[in-house]
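Have the selection tool ready, and we will go from stop to stop together.

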Amino acid sequence: MIITILGIATLLIIIWLILLFRVIEDDWLQAAYVKVFDNYSLIDKLRLRDKQMLERMSGYTGVALSVMEKVFSRDSAGKISRLEHDIEDLKNGGLKKLNIFIVPGYVLQREFEAIGKGNIHKIIMSKCFELYGKKNASIKTKQLLAKILSYPVVGVGSTLLLGAIFLGMDIITVGVAIIGVGSLLVLVLVYAMYDELSDLVRKRRCSIIRQFPNVVSKLALLVTSGMIMDRAWKETAYSQETELYREMRKTSKELDNLVSPEAAYSNFINRCSTKESAKLASAIMQNLSKGNAEIGRLLKDMAREAWQERRHTAKRDAEKANSKLMIPTMLLFLAILVMLMVPIAMNFSGI
């Protein structure tokens, strides 16, 4: 049994090493490019967090401001500087910051074209398109697939090897536990990476849906006050920093770059992937030639429906929250009941 486990572990590790030695320059470049993209994305998030923190603290003065600064102030300048330094290193050919464990996954994708044509690749690609846009969807898809392909090989191989060592030392329980639980944990973590992508898409769509009533209400107000649709769209897009507003800014930039309204709003629909955004963009495209009065009435009706749906959604969420709280409430009640009844029972038994 030990020999079989050692053989499988050795085979998996050898396969991973062979793939590692088959890495070419293009594989390193892809890994470096996506790492640079990830660093830029993290820098943007840190700067946005600092900006939001400054805006929040601007409402405080005196002692309250001092307390807020000590408790919540987290300047990200040092972390941003390190990330920018890593970006420069990667651009200059430094590969020390790359995750070597996933690079064999790029080799598998390059040598087996069927991987890039499978259903999993298509599903991941569509979700990455929503999260990262058309330009970066391909590189993020390859990165996630590289992790999914590479981590099980090296992870399960290492786990089996470690478990076989303990079995060889006659520590049977520990060896079996490492092999079973360790291998299962590796596979669960790999699936979790895929599930995290779905969770990010789901959260993004929910965020867009929550922001929709505010957006359409502001558009209706600006259009009915006499502002042309393109200008109202831009004013609304640059008024906040959340997901839907950022997607609107992309559409505004496309319109400024002389992209046709039909193409720009169609791209907006594809990026958001919600029925609310599709309804808004479709209505705008269909009524561009009818003037502000027609679009204004349509936006008002849409805003009223959006707020009604928002209220219904809030009620449903509250009901779900109440049902989720039922179990911990019952457990707390039982715990209190036990704390009360045990002393009473002990007193009766003493009598």
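Predicted model: local features only at pLDDT ≥ 70, side-chain atom pairs only at ≥ 80, totals over all residues.

**Stop 1: the whole chain**

Colour the protein chain by secondary structure. You will find 12 helices and zero strands. Read from the N terminus on, the elements run α-α-α-α-α-α-α-α-α-α-α-α. The chain has 351 residues, and 34% of them count as buried.

**Stop 2: two loops with positive phi**

Select Leu258, in the loop between H9 and helix H10 (261-272). Leu258 is not a glycine, yet its phi is positive, at about 65°. Is Leu258 buried or exposed? Its relative accessibility is 78%, so Leu258 counts as exposed.

Now move along to Ser273, which sits in the loop between H10 and H11. Ser273 also has a positive phi, near 55°, in a residue other than glycine. With 30% relative accessibility, Ser273 counts as partly exposed.

**Stop 3: the largest pocket**

Next, select Phe37, Ser41, Lys45, Leu131 and Tyr132. Of the 43 residues lining the largest pocket, these lie nearest its centre. The space in this pocket comes to about 1,700 Å³.

Which helices each supply at least two residues of this lining? They are helix H2 (25-57), helix H6 (119-168), helix H7 (172-224) and helix H9 (243-256). H2 gives the largest share, with 14 residues. Colour the lining by class and you will see 20 charged, 17 nonpolar and six polar residues.

**Stop 4: the second largest pocket**

The second largest pocket has a volume of about 440 Å³. To find it, select Ile209, Glu276, Glu309, Arg310 and Thr313, the closest to its centre among the 18 residues that line it. H7, helix H11 (275-286) and H12 each give two or more residues to this lining. The largest share comes from H12, with 10 residues. By class, the lining of the second largest pocket holds eight charged, seven nonpolar and three polar residues.

**Stop 5: salt bridges**

Side chains of opposite charge can pair when their charged atoms come close. The count for this model is 16 salt bridges, and we will visit some of them.

Begin with Lys140 and Asp38, whose closest N and O atoms are 2.7 Å apart in a salt bridge. This pair links distant parts of the chain, with Lys140 in helix H6 and Asp38 in helix H2, 102 residues apart. Lys140 counts as buried, at 9% relative accessibility, whereas Asp38 is partly exposed, with a relative accessible area of 23%.

Go on to Glu247 and Arg204, where the side chains meet in a salt bridge of 2.4 Å, N to O. Glu247 belongs to helix H9 and Arg204 to helix H7, so this pair too links distant parts of the chain, 43 residues apart. Both Glu247 and Arg204 are buried.

Then pick Lys234 and Asp256, a salt bridge with its closest N and O atoms 2.9 Å apart. Lys234 lies in helix H8 (residues 229-237) and Asp256 in helix H9, so the pair ties together parts that are 22 residues apart in sequence. Lys234 is partly exposed, with a relative accessible area of 25%, and Asp256 is partly exposed as well, at 46%.

**Stop 6**

For the last stop, show the surface and select Met330 in helix H12 (residues 292-350). Met330 is partly exposed, with a relative accessible area of 42%.

Notes:
Residues numbered from 1 in each chain as written. Heavy atoms only, no water. Helix = DSSP H or I, 4+ residues; strand = E, 2+ residues; numbered from the N terminus. Buried < 20%, exposed > 50% of the residue type's maximum accessible area, 1.4 Å probe, protein only. 1 Å grid on protein atoms, 1.4 Å probe; cavity = no way out; pocket = protein on both sides within 12 Å on 5 of 7 lines; lining within 4 Å. Points joined across faces, edges and corners; volume = space filled by probe spheres on them. Nonpolar A, V, L, I, M, F, W, Y, C, P; charged D, E, K, R; others polar. Salt bridge = Lys/Arg side-chain N within 4 Å of Asp/Glu carboxyl O.
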